[in-house]
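Open the model in your viewer and keep the selection tool ready. We will go from one residue to the whole protein.

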Amino acid sequence: FVSGRVLEVGSGGGGMSRNLIGVPSLVLTDPRPAYRDLLGRVFANFDHVHVAPLTLGEAIPPELAGERFDTIVCASILERIEDDTAALAQLHDLLVPGGRLVLVVPMLRALYGEIDRSIHHQRRYERADIESKLTQAGFAIEALQPMNALGIPGWWLNSVVLKRRAVPGIQARINDWLTPWLRVEQKLGIPVGMSLLAVGRRAGQARARGDLAP
């Protein structure tokens, strides 16, 4: 789903950004100056990568005024925004006609607990929530894919039942070891997960674009 001129919302230390480096043009954003400085150093050798300030839900900064993108990647950010519907409309306006929003959000309201609160999550989403909010913001939905059903019992136990503010280290490592099974989940079509991948397209004809390099 990722191609052309790409904007990443909330790049942080650049963990996901490294997987986007093969696109023709990449703009990394973060509201925090320290992280923008870090991103500038990490990607200093890539002429097609630029760093800009952006706080989702607030006014578009001068550095991005008038800019439009083929793809916007927004992972683990929307759930922190008070007015998430307005934020989705803002992202819609930053896309070219036919452009895509690739969104990842935490799934299942029943899992909301102390860990969510400690990392400033205002909510978790049901599938119908995201479908409705994307549609309201003007997107046509291309994909809705739950991810990581394996993590549900551990998150529920730690965050909801035991009210811990973090998953214990050994449990986190076990979850990492089980990551290859996520491919099996996708093949089985399990209808729930810890997270939800949602892809929305802005109406209109997409212009020619370069594909993500392997």
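Start by selecting Ile-72. Leaving aside its neighbours within four places in sequence, Ile-72 is in contact (heavy atoms within 4.5 Å) with Leu-7, Val-9, Leu-91, Leu-94, Leu-95, Arg-100, Leu-101 and Val-102.

A word on what you see. This is a predicted model, where local features need pLDDT of at least 70, side-chain atom pairs count only at pLDDT 80 or more, and totals for chains, interfaces and linings use all residues. Residues are numbered from 1 along each chain as its sequence is written, and side-chain values use heavy atoms, with hydrogens and water left out.

Next, select Val-9, Leu-56, Ile-72, Leu-78, Leu-101, Leu-103 and Ile-130. In the largest nonpolar core, which has 37 residues, these touch the most other members. A nonpolar core is a set of buried Ala, Val, Leu, Ile, Met, Phe, Trp, Tyr and Cys residues joined through side-chain atoms within 4.5 Å. Buried means under 20% relative accessible area, exposed over 50%, partly exposed in between (1.4 Å probe, protein chains only).

Now colour the elements that supply at least two residues each to this core: β1 (5-9), β4 (69-75), α2 (84-93), β5 (95-106), α4 (127-136), β6 (139-147), α5 (152-161) and β7 (195-202). Helices (H or I, at least four residues) and strands (E, at least two) are DSSP runs, numbered from the N terminus. Which element gives the most to this core? β5 does, with 4 residues.

Then select Leu-26, Leu-28, Leu-39 and Val-49. They are among the 16 residues of another core, which lies apart from the one above.

Go to α2. Is α2 largely enclosed or open? Of its 10 residues, 7 are buried, so α2 is largely enclosed by the rest of the structure. Select those buried residues: Asp-84, Thr-85, Ala-87, Leu-88, Gln-90, Leu-91 and His-92. They pack against β1, β4, β5, α4, β6 and β7.

Finally, zoom out. The protein has 7 helices and 7 strands. From the N terminus, trace them as β-β-α-β-β-α-β-α-α-β-α-α-α-β. The radius of gyration (taken over C-alpha atoms) is 17 Å, close to the 17 Å that the globule rule (2.2 Å times the number of residues to the power 0.38) gives for 214 residues, so the protein is as compact as a globular protein of that length. Its C-alpha atoms fill a box of roughly 45 × 35 × 35 Å, taken along the principal axes. Of the 214 residues, 44% count as buried.
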